[in-house]
Amino acid sequence: PLKAKAALSNDDIMRYSRQLLLPELGVQGQLNLSKTSVLIVGCGGLGCPLAQYLAAAGIGRLGLLDYDEVELSNLHRQVLHGEKNQGQAKALSAASAVKRLNSTVECIPYHLQLSPENALQLIQQYPAANPLTYICYAGQTLPLVSASALRLEGQLTVYNYCGGPCYRCLYPVPPPRETVTNCSDGGVLGVVPGIMGCFQALEVLKIASGQVSSCCQKLVIFDAQDAKFRSIKLRPKQAGCAVCGERPSVTQLVDYEAFCGTAATDKCRKLSLL
Amino acid sequence: PLKAKAALSNDDIMRYSRQLLLPELGVQGQLNLSKTSVLIVGCGGLGCPLAQYLAAAGIGRLGLLDYDEVELSNLHRQVLHGEKNQGQAKALSAASAVKRLNSTVECIPYHLQLSPENALQLIQQYPAANPLTYICYAGQTLPLVSASALRLEGQLTVYNYCGGPCYRCLYPVPPPRETVTNCSDGGVLGVVPGIMGCFQALEVLKIASGQVSSCCQKLVIFDAQDAKFRSIKLRPKQAGCAVCGERPSVTQLVDYEAFCGTAATDKCRKLSLL
Amino acid sequence: MAAPVAIHLEFGGGAELLFNGVKEHHVTLPSQSEPWDVKQLLVWIQRNLLKERPELFVQGDSVRPGILVLINDADWELMGELDYRLQDQDNIVFISTLHGG
Amino acid sequence: MAAPVAIHLEFGGGAELLFNGVKEHHVTLPSQSEPWDVKQLLVWIQRNLLKERPELFVQGDSVRPGILVLINDADWELMGELDYRLQDQDNIVFISTLHGG
Ligand SMILES: [Zn+2]
Ligand SMILES: [Zn+2]
């Protein structure tokens, strides 16, 4: 568990001075950030800017989980890694980049694949004031800031938050595997996950600092071609949901990735966070 | 002048494979990027993500201009710099970070302040296929992708593009100096320039690759608190404009920063790009 | 007889690839004896717009899992889903969930 | 006599700081002999809403340089500027240009 800071150090005050000025954050918001743990699942196109801006802002602990190694074809969008990191575990490469930026963030790389077996154990290490976690399990109330990007489009939703749906409420039946396109097949313009990852960071920072995410019960759709954002009102948490409903039938941790139809070795799998 | 590549190398094809798949970019778009020079004025909160994503995408030449040195209070939003770069010129620090990510980008740091005297000479070194430059001068037709971010708000405009206004068309009279707030005074949440800098990169990539920017004659306003974007239709290029009009009275390069009322030594001055 | 209904259809998140890559369609549904609902709209789309692989768009008489339907910028679950009665100038979006990043 | 006009005012980019930090205002301009235009609106705002330092909001009978006025999401230059006649339910935005990043 992450120990709560009693006060900001002089270095903290200097480092965060430009955001401490904001009435929406202030010293209390900064202290809230410092006692928050975030688990980032996937250190790719979304995870890189997300880790970068959460670390820069002073999040307390950052878990960086990824099973892949850095490849040349990642570098057009996975901007925390460098050419010299090719072949290195992404989790390690991301962790050293984050350390360069902010050594006061506790940074824990996990070079492994999330599975129903290890997920629960992992999450238990993120039990801070505002634990954000992405696993769907019965009775959960932990917010998940999820995003995706493909071609010239992006989507973002905050699940399990403010009466909004869980992933299973919104998608009660998993999509057929053949309908799931990934970046290897469909391509992606690197700056699109850049924008979506920054957007995730913004919403995580709001929640973690004690503000309210404005994406509550909403799906945000970004069309990079037209440079247009659209905000969609989603259904609320469903009473009949198999995961978060009144009589849940799924009472074990769900293998989220399998549920979404993305293969375990997919080189560009769903990089939801937290 | 930047030499046009005849074809992509095998390494290029591997590195950019995920974006080459996009019909909106393709091989021709990638070649267009490789022969484009972009001068980024200011390697701060906007310039960092902008440089990062332009370099990652394979822009040909990147001029990185900044007069300041890296300070601890920059690191909450200026994510290309690291703790070890404190005291180093931002232009140099940014250049080495960009090199780590993509050594095939020609990267030129300028540790100086843009002035009417040196601006013209600088621009003449960026005369590539799609020279993007931000200087207001008579008869110009060069697009300027400009953005700003303060507190929890951001603004973006593409000037001098597709019949849209130049900066002077939109603001014929400079604002009183005392009305110009900067990040030192007003504060800024780091991920807000992150989102706006990525957005700049997106529009620069569209223009540089041969597509059309969707921000033509528009002002995009971002409210991070509500996570809302708004797109405003702007006035067209003004026939009576002192800079780009039919009978321009300003026929010399204009000191853009002075025009905008930001002090030369302002630690968080306007980081428009170009 | 119900009058013809002019609506605006949008496909996104990759769903547009089943419609020749065209994202926006302004269509007019012809006059018929009963008011148009979303269930009938799905049949009409299959017959008149869908270019390929219907199994990637419909499953049974609804959309396939993984496609969200939005009626005037709200989740169709809030609007009655298949039974929602179309109004003139409605905006109906079919968006495929993206995976990856 | 022209009827009262209900409009939606927004201030952004820092201009809201002159209005106690309140960004959105729903106001009703009273009935008067002539139709309301933007020039008169500026006077009304100064008298009824502006909390401090009017010189940071107005200059002469227009807004101070560096503030953009948007009428229903369009630059006021496209709408007649000070002479634009306000319609019921108009959305008028005053936005201060941001500098920095
Ligand atoms: Zn649920
Ligand atoms: Zn002009």
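**Group meeting: chains A to D of a predicted model**

Let's start with symmetry. Chain B superposes on chain A by a rotation of 180° with 0.0 Å of shift along its axis, at an RMSD of 0.0 Å. Which residue of chain B comes closest to the rotation axis? Ile195(B), with its C-alpha at 2.8 Å.

Ground rules, quickly. This is a predicted model, where local features need pLDDT of at least 70 and side-chain atom pairs count only at pLDDT 80 or more, while totals for chains, interfaces and linings use all residues. Residues are numbered from 1 along each chain as its sequence is written, chains are lettered from A and ligands numbered from 1 in the order in which they are written, and side-chain values use heavy atoms, with hydrogens and water left out.

Next, chain B against chain D. Here 43 residues of chain B are in contact with 29 residues of chain D. The buried area is about 2600 Å², and carbon and sulfur atoms give 56% of it. Buried area is the accessible area (1.4 Å probe) that two parts lose on being put together, summed over both. Three residues stand out: Glu153(B), Arg230(B) and Arg235(B) supply 21% of the area that chain B buries against chain D, more than any other three.

Now the salt bridges, each a side-chain nitrogen of Lys or Arg within 4 Å of a carboxyl oxygen of Asp or Glu. How many cross the interface of chain B and chain D? The rule finds four. Arg235(B) forms a salt bridge with Asp75(D), the closest N and O atoms being 2.6 Å apart. By class, the side of chain B that touches chain D has 22 nonpolar, eleven polar and ten charged residues. Gly counts as polar in that scheme, and the charged class is Asp, Glu, Lys and Arg.

Last stop, Leu17(C). Leu17(C) lies in the loop between strand E1 (5–12) and strand E2 (24–29) of chain C. Strands are DSSP runs of at least two residues, numbered from the N terminus. Leu17(C) is partly exposed because its relative accessibility is 44%, between the 20% and 50% limits (1.4 Å probe, protein chains only). Leaving aside residues up to four places away in sequence, Leu17(C) touches Arg151(A) and Glu52(C).

Conventions: Helices (H or I, at least four residues) and strands (E, at least two) are DSSP runs, numbered from the N terminus. Contact means heavy atoms within 4.5 Å. Copies are superposed by least squares on the C-alpha atoms of residues with pLDDT of at least 70 in both.
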